[in-house]
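Please take a moment to look over the sequence and the model before reading on. The paragraphs below move from the whole protein to a few of its residues.

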Amino acid sequence: MRKRMFAYFVLATIGFALVTAPSASAQVFDHLKCYKMKDPHKFTAAADLTPFQNPPFPVEPGCKIKVKGKEFCIPVIKDRLPGVGTAPAVTLVGQPLQNDYICYVVKCPKPATPIPPVLVTDQFGSRTLVKFVAKKLCVPAIKGLPTTTTTTTTTTTTTNTTTTTTPCMLDGSGICNGACPIPGDTCLHDPATGICDCQPQSSLCMQDPLTGICNGLCPNPADNCVPDPAGIVPCLCSPVTLCASATLPACAGTCPGTQSCVKDPTTTFCLCCGTGATSCTTTADCCVPFTCVGGICS
C-alpha cells in the first residue's frame, strides 16, 4: 500500500506538472489519495490516449479499458511530519485539484519505440524513472448522479431547467430502464446475474444470422427472446414460455421457426425438433420417429 500511495503522490506532483514555489502558509489540494473499492460495473471499452507530455510519452491508440474500477481517488493536502521518515523533502506545489477520480486497468499496444528514461522531481526528491508501461487510466468522477441543465433564452426571460438522469436499474414497473455511461449501450436484464446492466447493441434480442435462432437479452426480467408469432419481425421480447422451460406433459413452449415443442423420449424434458415437412440439416433436427431426407424431416 505504501508503494501504491507513493505512486499517486508522484502523479500529483511530478515535475512535468506546472509547479510554483509556495508561500509559507500555502494549503493546496494537489495530491490524490486513492482508496481500494468494489465496483459493480463489469464491461470493457477502448480508447486512444493522447498525453499532455508528448514527447517523451507517445500517443497510444486502441487501448483496452477494463471498466471495473479498482481505486477511487480524492484530492487531499499532505502535511509532512517533521523528523519522521528518511525521505528527502523538496518544496513543490502542484496545480489545485478538484475532481475525484476512478482508476481502471488499461492495456495499450506496445509502443514502437520504448519510452526513454525521464528525470523527475517531486516532494520526495529527484531521480530518473525507467521502464514505463501503461497500467491504469484514472478518469474524472463526481459523487452522486449527474445533472443536465438546459438554458432557454428569449428576448425577455431566461428559463433554467435541471434534469436528473437515472442510471440503469429496475424502474417502478419492474423493467430495466435508465441511462448508460457508454453511448449506444442499452439497459437490459441479465439472467446470469439477475440484475439490470448496461449491454452493447449486440446483446439485444435478435435472430442469429447463422442458426436462425432468436437469442439475446430483454429489458423485462419476465420476457424471453422468441420468434415473432405474427411474423412482423424475426424476434421479439415476449413473456412466453420457451420449450426448454415448459413442463410435462403439455410441452407447450415456444420453438424457433417451424419446429415443435415435444417430450424428449430419452429424458424428462421438453425439446424443439422438426416434424413432417420441417427443414433439417441432420436427423438430430427431427423428432422421433422422423428422419432427415433431402433436407426435410419425413
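This is a predicted model: local features need pLDDT of at least 70, side-chain atom pairs count only at pLDDT 80 or more; totals for chains, interfaces and linings use all residues.

The protein contains 1 helix and 21 strands, and of its 298 residues, 27% are buried. Its exposed surface comes to about 19300 Å², of which carbon and sulfur atoms supply 61%.

Which residues make up the largest nonpolar core? There are 10 residues in this core, namely Phe-43, Cys-63, Ile-65, Val-67, Phe-72, Ile-102, Tyr-104, Val-106, Cys-108 and Ala-141. At least two of the core residues come from strand E3, which covers residues 60-76, and at least two from strand E4, which covers 100-107; the largest share, 4 residues, is supplied by E3.

The next feature concerns aromatic rings. A pair of such rings is described by how far apart the centres are and by the angle between the planes. The count in this model is 1 aromatic pair. It is formed by Phe-57 and Phe-132, whose ring centres are 5.1 Å apart and whose planes stand at 90 degrees, and because an angle over 60 degrees counts as edge-to-face, the pair belongs to that class. Phe-57 sits in the loop between strand E2 (43-49) and E3, while Phe-132 sits in the loop between strand E6 (125-129) and strand E7 (136-141), so the pair ties together parts that are 75 residues apart in sequence. Phe-57 has a relative accessible area of 17% and is therefore buried, the limit being under 20%, whereas Phe-132, with a relative accessible area of 27%, is partly exposed.

Finally, consider Gln-199, which lies in strand E13, a strand of residues 195-199. Is Gln-199 buried or exposed? Its relative accessible area is 14%, so Gln-199 is buried. Not counting residues up to four places away in sequence, Gln-199 touches Asp-185, Thr-186, Leu-188, Asp-190 and Leu-217.

Note on methods
Residues are numbered from 1 along each chain as its sequence is written. Side-chain values use heavy atoms; hydrogens and water are left out. A nonpolar core is a set of buried Ala, Val, Leu, Ile, Met, Phe, Trp, Tyr and Cys residues joined through side-chain atoms within 4.5 Å. Buried means under 20% relative accessible area, exposed over 50%, partly exposed in between (1.4 Å probe, protein chains only). Contact means heavy atoms within 4.5 Å. Rings of Phe, Tyr and Trp (its six-membered ring) pair if their centres lie within 6.5 Å; planes under 30 degrees apart count as stacked, over 60 as edge-to-face and the rest as tilted. Accessible areas come from the Shrake-Rupley method with a 1.4 Å probe; for residues, only the protein chains shown count as cover.
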